[in-house]
Amino acid sequence: QIWEVRRTLETRAAELAARNRTDAEAVAIVDLAAAMPGAAERLDELTRLDIAFHQAVAQATHNPLLLQIVRSFAPIMAIAVPAAWQTRTAVAGKETMLDRHGALARAIAARDEAEALRSMNAHFDDAVGNLLQ
């Protein structure tokens, strides 16, 4: 149920962020995605960056209620992100998840709403698929 709600809200957030983001917000989102590969072996830092990334996307929507709801997921994400990451035993699986964040960040920076939606859906497909296996 949590994944369904998150997916619904965050896919819309991706579209709105691509439409409404400022240049500074785009830079922050891209920077967070770019920092994630360097933290791949430090699960606590990777989790912090992942949570911050999703909150930065929500911030870029300029919808305060959406941001508040996404922020409310932080305690759940603090558990779910490490759990999901630990299911990725192959390097390729880890790289795919990192690439998903980068693709989403680039789509938002490019103001490509359709690609932002596609990228967030792909991210959730991978994240949920790994957790439910």
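Is Arg7 buried, partly exposed or exposed? In this predicted model, Arg7 is partly exposed, with a relative accessible area of 25%.

**Stop 1: Arg7 and Asp125**

Select Arg7 together with Asp125. The two form a salt bridge, with their closest N and O atoms 2.6 Å apart. Asp125 lies in helix H7 and Arg7 in helix H1, so this pair ties together parts that are 118 residues apart in sequence. Asp125 counts as partly exposed, at 46% relative accessibility.

**Stop 2: Trp3 and Phe124**

Next, select Trp3 and Phe124. The structure holds 1 aromatic pair, and these two residues form it in an edge-to-face arrangement, 5.9 Å centre to centre with 80 degrees between the planes. Because Trp3 belongs to helix H1 and Phe124 to helix H7, the pair ties together parts that are 121 residues apart in sequence. Trp3 is partly exposed at 24% relative accessibility, whereas Phe124 is buried at 1%.

**Stop 3: Arg6 and Glu10**

Remain on helix H1 and select Arg6 and Glu10. Their side chains meet in a salt bridge of 2.7 Å, N to O. The two residues are 4 apart, about one turn of the helix. Glu10 counts as buried at 2% relative accessibility, and Arg6 counts as buried at 5%.

**Stop 4: Glu115 and Arg118**

Move to helix H7 and select Glu115 and Arg118, which are 3 residues apart, or about one helical turn. A salt bridge joins their side chains at 2.7 Å, N to O. Glu115 is partly exposed, with a relative accessible area of 26%, and Arg118 is partly exposed at 43% relative accessibility. A search of the whole structure finds 7 salt bridges.

**Stop 5: the cavity**

Now select Asp50, Val81, Ala84, Met97 and His123. Of the 17 residues that line the largest cavity, these lie nearest its centre. The elements giving two or more residues to the lining are helices H1, H3, H5, H6 and H7. Helix H5 gives the most, with 5 residues. The lining divides into 11 nonpolar, 3 polar and 3 charged residues. About 160 Å³ of space lies in this cavity, and the structure holds 1 cavity of 30 Å³ or more.

**Stop 6: Ala60**

Finally, select Ala60, in the loop between helix H3 (43-59) and helix H4 (64-72). Ala60 is buried, with a relative accessible area of 0%. Leaving aside residues up to four places away in sequence, Ala60 touches Leu16, Ala17, Asn20, Arg21, Glu25 and Ile29. Asp23 is 37 residues from Ala60 in sequence and 9.8 Å away in space, C-alpha to C-alpha.

Technical notes:
Residues are numbered from 1 along each chain as its sequence is written. This is a predicted model: local features need pLDDT of at least 70, side-chain atom pairs count only at pLDDT 80 or more; totals for chains, interfaces and linings use all residues. Side-chain values use heavy atoms; hydrogens and water are left out. Buried means under 20% relative accessible area, exposed over 50%, partly exposed in between (1.4 Å probe, protein chains only). Contact means heavy atoms within 4.5 Å. On a 1 Å grid over the protein atoms alone, a cavity is a set of points where a 1.4 Å probe fits but cannot get out, and a pocket is an open set with protein on both sides within 12 Å along at least five of seven lines; lining residues have an atom within 4 Å of a point. Grid points are joined across faces, edges and corners, and a volume is the space filled by probe spheres set on the points. Ala, Val, Leu, Ile, Met, Phe, Trp, Tyr, Cys and Pro count as nonpolar, Asp, Glu, Lys and Arg as charged, and the others, Gly among them, as polar. Rings of Phe, Tyr and Trp (its six-membered ring) pair if their centres lie within 6.5 Å; planes under 30 degrees apart count as stacked, over 60 as edge-to-face and the rest as tilted. A salt bridge is a side-chain nitrogen of Lys or Arg within 4 Å of a carboxyl oxygen of Asp or Glu.
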